[in-house]
Structures are given as C-alpha cells and as structure tokens.
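Try each task before reading its solution.

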Amino acid sequence: MTLESAIQGPLVSGYCAVADICPQPILQVNNLSVSFSGRQGKTQALKGVSFSINKGEVVAVVGESGSGKSVTSLSVMGLLPDSAQIDGGDIDFFTRDGQRHPLVTASAEARRRLRGQEMAMIFQEPMTSLNPVLRVGDQLTEALRDHGICDKNTARSRARELLKQVRIPDVERILQCYPHELSGGMRQRVMIAQALSCDPALLIADEPTTALDVTVQARILQILRDLQQGTDMSVMFITHDMGVVAEIADRVVVMFQGCIVEQGTVQDIFANAQHPYTQALLAAVPKLGDMQGLKWPRRFPLLNVFSSSLKQSIAGDGDHVLPVGMDQITADYTVPPLLDVRGLRVCYPIRSGVLSRVSKEVHAVEQIDFAIWPGETLALVGESGCGKSTTGRAILRLADSQSESIQLQGKEITLMRNQPFQSVRRQIQMVFQDPYASLNPRLTVGFSIAEPLLLHGLAKSLADATPTVNALLQSVGLEPSHARRYPHEFSGGQRQRIAIARAMALQPQVIIADEAVSALDVSIQAQVVNLMMDLQRDTGVAWLFISHDMAVVERIANRVAVMYLGQIVEIGPRDAIFSTPQHPYTRRLLRSVPVADPSKREMRTFDDVEVKSPVHPAGKQIEKLKYRLVSKHHWVAETRE
C-alpha cells in the first residue's frame with residue numbers, strides 16, 4: 001500500500017455505533033475542503049473532512065503537526081485568515097435550543113454572536129491570543145459583559161472563580177497583570193479560564209494542556225470533564241498527547257495530511273486501530289515506566305512513516321525501526337562540570353502606591369544549585385510558574401538575577417560585561433517555549449536560522465550559509481524549500497522544530513531547551529528527541545531539558561531536578577527519581593501523569609489546599625533549603641514544619 005493510497009483509501013470508522021447512542025448532534029462537518037493561497041501557489045490544507053460531535057461528547061482530533069487539526073477548528077470558529085478559502089463542504093452548528101446555524105454561509109455578525117456564548121476556543125499559543133495591552137481581569141470579563149450575561153461586579157467575581165478553578169495562586173495580583181508578566185503555563189491557564197467564562201455549548205480546545213505541567217493538566221482535564229458532564233457541553237479536543245486522549249475522549253478522529261484516515265470510539269482506536277498510520281502513531285507514544293531498570297537514556301523507536309518527505313509505502317519493505325542502542329550517551333562524570341550554577345536567585349519587583357515603590361517581590365528562583373556535565377542531559381521539571389524557564393533565561397542574562405557563582409568550563413561568567421559575554425552566548429544557546437514569539441515574523445525561517453552563523457562569523461554570506469541551513473531543516477524533519485517561508489506559514493509544531501534548528505546552528509556546548517518538544521506531536525517528538533541524542537553523541541553537547549512531560553523526561557534524562565516554588569526540592573539520577581521518589585511533590589507529579597490506555601481511566605482526586613504564592617514582602621530573605629542524601633547522588637530537600 002502506498003502512502004497516497006493509504007490516505008485516500010476507505011475510512012475506518014466506528015462512528016455509527018456511537019451515533020446510535022448519542023443521536024443529538026451539536027456540530028456536523030461534511031466534506032469540508034480548505035486551501036491556502038501563497039507565493040508558492042495553492043496549498044490544500046483540508047481534503048473532504050467529515051465528522052460530527054454529539055451533545056455532551058468529547059471528540060479528540062489527533063495527528064501530526066500540519067495535518068489540518070487547527071485549520072479544522074479555525075474553520076468552525078470562522079477565524080480562518082484571509083489567505084484561506086473554503087472550497088467546498090458544510091459546517092452545521094446546533095445551539096442548545098436545537099436551532100441550526102449553517103456556519104459556512106453565516107454572516108460575520110451572526111458568527112460573532114455565537115462565539116463566546118455558544119462556542120468558544122482555547123488557542124494553541126496563548127501569548128499571541130491574549131491582548132498584550134489589556135489586563136488579565138479585563139480579558140476574562142470581556143465576553144461576559146459583551147454578551148450581556150452579567151454586570152461588571154458579577155463578571156469580576158466569575159473571573160476570580162475561574163482563575164481558582166485552573167489553580168492560579170494569588171488571584172488578585174494575576175487579575176491586575178498583563179500577559180507578558182506571566183509564564184507560558186500561567187498564560188495557558190488564563191486562556192482556558194477565558195474560554196470557559198460563558199459556559200459554551202461547544203468548546204474547541206486546541207492543544208489546551210501543551211504548556212501545562214502534569215499536575216495542572218490533570219486538574220484541567222478533570223474540570224473539563226466535570227463541566228462537560230454537568231452542563232452537557234461538547235468538546236472538540238485537539239491534541240498530540242495520546243495519554244490525554246485516553247483519559248478524556250469518547251471518540252477519536254485521526255488526521256493525516258488534511259484527510260481523516262480513521263475515527264472510532266476511544267476504546268476501539270487504542271485496542272484495535274485499523275489504519276497503518278494510527279497504529280504507528282500509537283506505537284510512538286512514550287509510556288511512563290518504559291525505562292525502569294535502565295541506567296542510561298535510550299532512543300525512541302522511530303518509524304519511517306513519520307517523515308514528512310516519505311514517498312514510499314507505510315508498510316513497505318525494509319527495517320523501519322531505527323536502532324535504539326545505549327551507545328548514544330556520552331556523559332562524562334570523570335571531569336569537572338561543564339556548567340556549574342551556585343546560589344541563583346531571581347526576584348521580580350511589584351510596585352504599588354502613589355510613588356510606585358517596590359512593596360513586594362515575586363521570588364521566581366530562590367538560591368538554587370545545580371551542575372551539568374559534558375554530554376549530559378539534566379531535566380528540570382515542575383509546575384508552570386515554578387521558575388524553570390526563568391532559570392534558563394537567567395543563565396543567559398535574559399532575566400536579571402543574582403548568584404554566588406556561575407562557571408562555564410571552570411571560567412566565572414557572572415562578572416563578564418556585555419561584549420565578552422557574547423562568546424558565552426555562542427556556547428550556550430536556548431530553544432524558547434513560544435516559537436512564534438521567538439521567531440521574527442518579518443524574516444524567512446531560512447534567514448532566521450542563518451542569522452547566528454552570520455553574526456558569529458561562521459558564514460560569510462547568506463549563500464555561504466545556505467547548505468548548513470538546508471541540512472539543519474532536514475535534520476528536524478522539514479524540507480530545504482521551507483527556508484523561503486515565513487513563520488506564520490507553519491503550524492505550531494513546525495515552528496518549534498525551526499527554533500530547535502536555529503539553536504543547533506552554532507554547535508553550542510550547552511543548549512537550554514525550554515519545553516522544546518511540548519508543542520510537537522508524538523511522531524515528531526520522537527524524531528526530535530532522537531536528534532538531540534544524536535547531537536549529544538556527535539558533539540558532546542549538554543542539555544538543560546526543561547519540560548513537564550515526565551514520560552519524555554524519563555527517556556532522555558541522565559539526571560532530574562524537581563522544582564517547586566522557585567526551589568529545587570529533589571535532584572538525582574533519573575532512575576532513582578522515577579523509581580523511588582522521596583519528596584511529596586515529586587510523588588504528586590508522577591501520580592498525575594496520564595496513562596495512554598482508556599481501560600485504565602480513573603477518577604482522580606485532588607486536594608483543595610490553596611496553592612502557595614511565590615510573592616513575599618520586599619526585602620524578605622528566604623532560608624536556603626537543606627538537603628539529605630538518600631542514595632548515591634540522590635538528594636532531597638528537608639521538609640519544613
């Protein structure tokens with residue numbers, strides 16, 4: 001079977017059985033085709049997509065980045081860009097009172113009245129979706145007041161309640177913040193609260209838990225499930241996390257290259273997937289516990305079906321699984337650390353009063369110590385807002401910080417001025433959490449990748465840098481022709497791959513990967529993680545891998561550091577952390593990981609203890625944590641009374 005025939009072949013579906021149980025549709029998409037016009041001509045994004053969502057049902061839409069998942073959701077919401085065109089098909093939406101709305105032919109005003117109150121959307125990239133000039137509180141109350149649901153005071157109370165539901169601490173302060181003052185995970189939680197504000201009949205969630213740690217993700221999934229069951233809200237859940245799909249979905253729709261190749265109940269898809277692509281997708285899902293008893297990180301089994309440039313058959317001849325041997329790891333603990341950080345501290349001032357004096361401080365990072373050895377991957381895990389990203393930014397001086405000492409290859413870099421520090425930036429690169437915000441929208445991605453080569457004198461001209469740029473694009477699963485495109489022409493996952501390629505351009509000694517694979521579907525995630533290991537094997541580069549995906553961390557990390565409220569509460573070898581976690585917070589993290597098996601779906605229980613706030617009075621000194629040695633190289637913070 002060729003890839004072309006596999007995509008265009010008969011659709012494998014379990015829909016009819018479910019339709020008999022839930023006969024009340026709230027959304028029907030029939031034979032939808034969407035294309036985009038650009039400099040390269042016309043690109044077909046959707047090809048005859050058909051599916052439906054019934055009242056009170058959760059339908060998960062899964063597939064590779066660029067498969068058409070987000071385009072489908074934007075078509076339903078009426079938010080396609082001007083370059084997009086609906087070539088054919090129908091989208092019918094049914095309100096709670098049973099009234100039918102043909103969305104393709106509806107006026108802009110009719111769609112506006114439906115948005116927010118009847119249908120709402122959680123967008124993939126919160127920084128580009130939240131208004132940067134409006135405070136969080138104003139954005140949460142905007143839809144409630146615009147649709148005349150309640151008055152200003154009631155809307156404000158509803159906003160507080162929503163922020164507490166998504167486990168945001170210090171609610172009054174967050175209501176007064178602007179989006180740029182929050183971490184990526186905190187912004188995502190605000191987006192979720194905003195979408196839920198009007199209790200919509202249909203919620204479209206486009207990667208809603210991508211930027212969230214597993215503890216908050218588990219709570220958000222429980223909130224969505226409770227709302228869905230209590231109000232008969234329907235959910236179109238777009239995700240690449242098959243563990244989340246197994247935990248929340250009733251039915252699954254599998255997309256590949258703009259087509260639906262399979263759909264059915266979540267039990268049927270996981271237990272008896274029929275289409276080769278679905279089978280390959282499930283095989284690539286990282287599972288917690290896969291690395292139990294193994295000392296070193298290990299490559300993912302990578303199926304060739306995931307290559308975007310594949311021209312051969314899905315089930316053709318040859319060996320499709322790349323080697324997963326343990327000879328990939330080059331960590332050398334016999335030499336001094338490559339990067340040694342001592343007493344790192346980052347505080348953000350909060351000003352108030354007529355004179356705008358500093359009255360409080362956010363203790364984002366509080367006196368942490370860690371080291372990274374050559375060829376090692378140190379994973380930094382913890383809740384969103386705990387200080388993981390700030391730690392990475394502080395090392396590169398992208399955030400103001402204080403420290404006792406930061407040494408790179410034994411050389412103190414804390415006292416370096418801006419010009420000498422440029423050489424450090426070549427040796428330490430960063431992959432940022434939000435790829436759209438870190439790529440210049442006015443530059444082609446090829447130039448963005450070539451720019452560091454030109455700035456550091458590794459290429460004399462753009463033409464000289466082109467072969468390197470092409471090789472980097474291919475290494476992350478993209479085509480050399482993509483170099484001529486702009487960031488907005490790519491999906492979120494594709495933009496993240498571009499950011500990784502740019503970070504690799506200078507062949508640095510340390511790469512800080514801030515949620516580098518969080519926006520990637522499982523297929524490309526496996527590809528990129530293997531790529532990171534290959535680079536580590538070939539160059540000895542060390543990774544500071546900031547992530548909330550514990551299954552990926554278990555696969556890639558040599559050691560794991562667990563952060564909570566700006567402090568490292570446990571650090572040690574990966575196997576020790578996952579098999580014998582000592583700190584209560586570490587155990588809570590591991591318990592919250594979704595299991596990619598719908599037969600093991602269970603109702604989670606959550607404590608209602610108020611989330612502690614990292615905000616303290618200005619000038620307050622926090623005592624540095626003391627640690628005890630549990631086993632070899634495994635340290636845990638002593639709990640305070």
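**Exercise 1.** Find which residue takes a positive phi in the hairpin of E12 and E13.

*Solution.* Step one: in this hairpin, four residues sit between the strands, and Gly353 has the positive phi, near 85°. The model is a predicted one, where local features need pLDDT of at least 70, side-chain atom pairs count only at pLDDT 80 or more, and totals for chains, interfaces and linings use all residues. Residues are numbered from 1 along each chain as its sequence is written, and side-chain values use heavy atoms, leaving out hydrogens and water. Step two: E12 covers residues 339-352 and E13 residues 357-372; strands (E, at least two residues) and helices (H or I, at least four) are DSSP runs numbered from the N terminus. Step three: the two strands run antiparallel, joined by eleven bridges, and strands pair if DSSP finds at least two bridges between them. Ser352 faces Arg357 in E13.

**Exercise 2.** Work out which residue of E22 is the bridge partner of Lys360.

*Solution.* First, E22 spans residues 615-617 and runs antiparallel to E13, with three bridges joining them. Then look up the partner of Lys360: Pro617.

**Exercise 3.** Is Ala379 buried or exposed?

*Solution.* Start in strand E14 (residues 377-382), where Ala379 is found. Its relative accessible area is 0%, so Ala379 is buried (buried is under 20%, exposed over 50%, partly exposed in between, with a 1.4 Å probe and protein chains only). Leaving aside neighbours within four places in sequence, Ala379 has contacts (heavy atoms within 4.5 Å) that include Phe545 and Val560.
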